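Thanks for coming, everyone. I have one structure to walk through today. Please take a look at it before I start.

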Amino acid sequence: MRFQDTMSYLIRLLKIKFFNNGFPFVVRWDITARCPMQCRYCDIWKLKIKELNTATILRIIDEMAQEGVKKISFSGGEPLLREDICEIVHYTKAKGISAEINSTGYSFADKAERLKSLDLIKLSLDGPKEIHDVVRGREGAYDSVIDAALAAKKQRIPFRFCVTLSGYNIQYVGFLLQLARDCEAKIVFQPLKDIRYLKHCSFIFKTEEQLFPAPEQFQKAIHMLLKCCKEERRLISNSPQTLRHIYYWPKYAKLKCWAGKIFCMISPSGEISPCDRLFYDVQLPNCAQTSFRQAVTMMPRLPFCEGCGFWGSLVLNYAANFKADLELLRKAAQC
Ligand SMILES: C[S@@+](CC[C@H](N)C(=O)[O-])C[C@H]1O[C@@H](n2cnc3c(N)ncnc32)[C@H](O)[C@@H]1O
Ligand code: SF4
């Protein structure tokens with residue numbers, strides 16, 4: 001994120017705060033449910049969801065640009081599996097919207113040259129090869145991440161490693177930090193979320209005990225990250241404030257959430273929701289069947305929520321609550 005983007009975010013946040021005219025300007029868009037991985041903590045790959053066609057996606061992007069959306073983070077599933085991903089990214093950029101991709105790195109090396117205009121690729125990394133491949137349920141998954149990082153570097157595409165902290169990798173935080181140093185990359189850590197609200201996923205969290213680190217293991221890892229934040233400010237994207245927020249995982253510090261007001265999410269079939277807690281669970285308005293503006297105004301409110309440790313939401317929520325310390329703003333500006 002450039003300095004002028006940070007300033008325009010701040011202006012939008014001030015307007016929302018003082019004129020109460022919230023309208024999402026950051027969107028996470030799961031453009032496909034297809035995925036080459038079978039992660040221990042996610043089973044979106046099992047879903048058979050009819051995806052939007054290219055023309056509909058471009059029409060929605062047009063409308064987003066008109067409504068002042070600043071950033072779209074394409075996610076999934078594996079967004080790089082969509083054959084039109086390069087066209088979608090180019091179109092987003094041509095409309096003046098910042099484009100990011102959340103990815104396993106799968107097939108990125110083949111497409112990197114055509115994705116040069118990306119603002120950021122966030123590469124999921126869950127530990128050393130033997131851990132990453134087990135968590136991702138696919139041999140060669142780790143190699144895809146490293147190949148993608150090298151390709152991003154070659155094409156000068158900004159990239160960042162994203163770690164989902166779980167019982168499998170909690171003791172490998174030191175390794176992950178060193179890998180990021182070696183690759184001259186930034187790294188961000190997020191806790192595992194219990195997606196029990198997704199009916200089809202609830203079995204995972206009942207049967208996969210190994211996913212959950214002991215609280216003391218988790219806190220030890222956060223201590224290490226806090227220390228690293230102090231000593232190597234540019235390495236970790238988390239700020240001390242957001243790390244303290246997740247310290248007592250799975251309980252979180254209290255924080256007003258602005259889901260649906262400053263950010264929202266879209267499912268592969270075009271359903272729009274304040275956050276992914278509602279996906280697949282309730283009837284949602286669909287951006288393919290109505291305009292983006294109309295779909296946003298029809299979005300249901302979130303029911304009671306105990307909070308989350310999703311970094312993207314935390315940065316925006318701390319900023320919107322004007323609780324952001326300077327460190328957090330600086331880190332957001334460096335994204
Ligand atoms: C849903 S994936 C989609 C993009 C791509 N397939 C990937 O894995 O990077 C986006 C991020 O969400 C994380 N994720 C998936 N399930 C999660 C869960 N139950 N709790 C926390 N993070 C999760 C993944 O590790 C990944 O970093
Ligand atoms: S790679 Fe991403 S979308 Fe695919 S199963 Fe894993 S977390 Fe889910």
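Predicted model: local features only at pLDDT ≥ 70, side-chain atom pairs only at ≥ 80, totals over all residues.

The protein chain has 13 helices and 8 strands. Of its 335 residues, 46% are buried.

What is the strand order? It reads β6-β5-β4-β3-β2-β1-β7-β8, in an open sheet of 8 strands with mixed pairing. The edges are β6 and β8, residues 272-273, and each of them pairs on one side only.

Look at two of the pairings. Strand β1, residues 26-30, runs parallel to β2, with 5 bridges between them. In that pair, Trp-29 stands opposite Phe-74 of β2. On the other hand, β7 and β8 run antiparallel, joined by 2 bridges. There, Ile-266 has Ile-272 in β8 as its bridge partner.

Stay with β2 for a moment. Which residues of β2 lie on each side? Lys-71, Ser-73 and Ser-75 are on one, Ile-72 and Phe-74 on the other. Both faces are covered.

Next, the core. The largest nonpolar core has 89 residues. Val-27 and Leu-225 have the most contacts inside it. What does Val-27 touch? Leaving out residues up to four places away in sequence, its contacts are Met-64, Val-69, Ile-72, Phe-263, Cys-264 and Ile-266.

Start with α7, residues 173-182. Its buried residues are Val-173, Leu-176, Leu-177, Leu-179 and Ala-180. They sit on the same side of α7, because they cover an arc of only 160° around the axis. Here is the background: an α-helix has 3.6 residues a turn, so residues three or four places apart point the same way. What does the buried side of α7 pack against? Its partners are β5, β6 (186-191) and α9 (215-231). Turn to the opposite face, and you find Gly-174, Gln-178 and Asp-182, which are exposed.

Compare that with α12, residues 311-320. Here 10 of the 10 residues are buried, so α12 is largely enclosed by the rest of the structure. The buried residues include Trp-311, Ser-313, Asn-317 and Tyr-318.

On to the ligands. Ligand 1 has 17 residues around it. Which come nearest? Cys-42, Asn-102, Ser-124, Thr-164 and Lys-193 do. By class, this shell divides into 6 nonpolar, 9 polar and 2 charged residues. Two strands, β3 (98-103) and β5 (159-165), each supply at least two residues of the shell.

Ligand 2 has its own set. Around it are Cys-35, Met-37, Gln-38, Cys-39, Cys-42, Ile-44, Trp-45, Gly-76, Gly-77, Glu-78 and Thr-104. That makes 6 nonpolar, 4 polar and 1 charged. Note Cys-42. It is listed around ligand 2, and it is also among the residues that come nearest to ligand 1.

Last, the backbone. Most residues other than glycine have a negative phi, and most peptide bonds are trans. Here are some exceptions. Arg-156 has a positive phi, near 60°. It lies in the loop between α6 (141-154) and β5. Is Arg-156 buried or exposed? It is exposed, with 9 other C-beta atoms within 10 Å.

Glu-184 also has a positive phi, about 50°. You'll find it just after α7, in the loop between α7 and β6. Glu-184 is exposed, with 10 other C-beta atoms within 10 Å. Phe-322 is another case: it comes just after α12, again with a positive phi of about 50°.

Finally, a cis peptide bond. It joins Trp-249 and Pro-250, with omega about 5°. Pro-250 belongs to the loop between α10 (240-245) and β7 (263-266).

That's the tour. Over to you.

Conventions. Residues numbered from 1 in each chain as written. Chains lettered and ligands numbered in written order. Near = placed C-beta within 6 Å. Nonpolar A, V, L, I, M, F, W, Y, C, P; charged D, E, K, R; others polar. Helix = DSSP H or I, 4+ residues; strand = E, 2+ residues; numbered from the N terminus. Core = buried A, V, L, I, M, F, W, Y, C linked by C-beta atoms within 7 Å. Buried ≥ 20, exposed ≤ 12 C-beta atoms within 10 Å, placed from the backbone. Contact = placed C-beta atoms within 7 Å. Arc of directions from axis to C-beta. Pairing = 2+ DSSP bridges.
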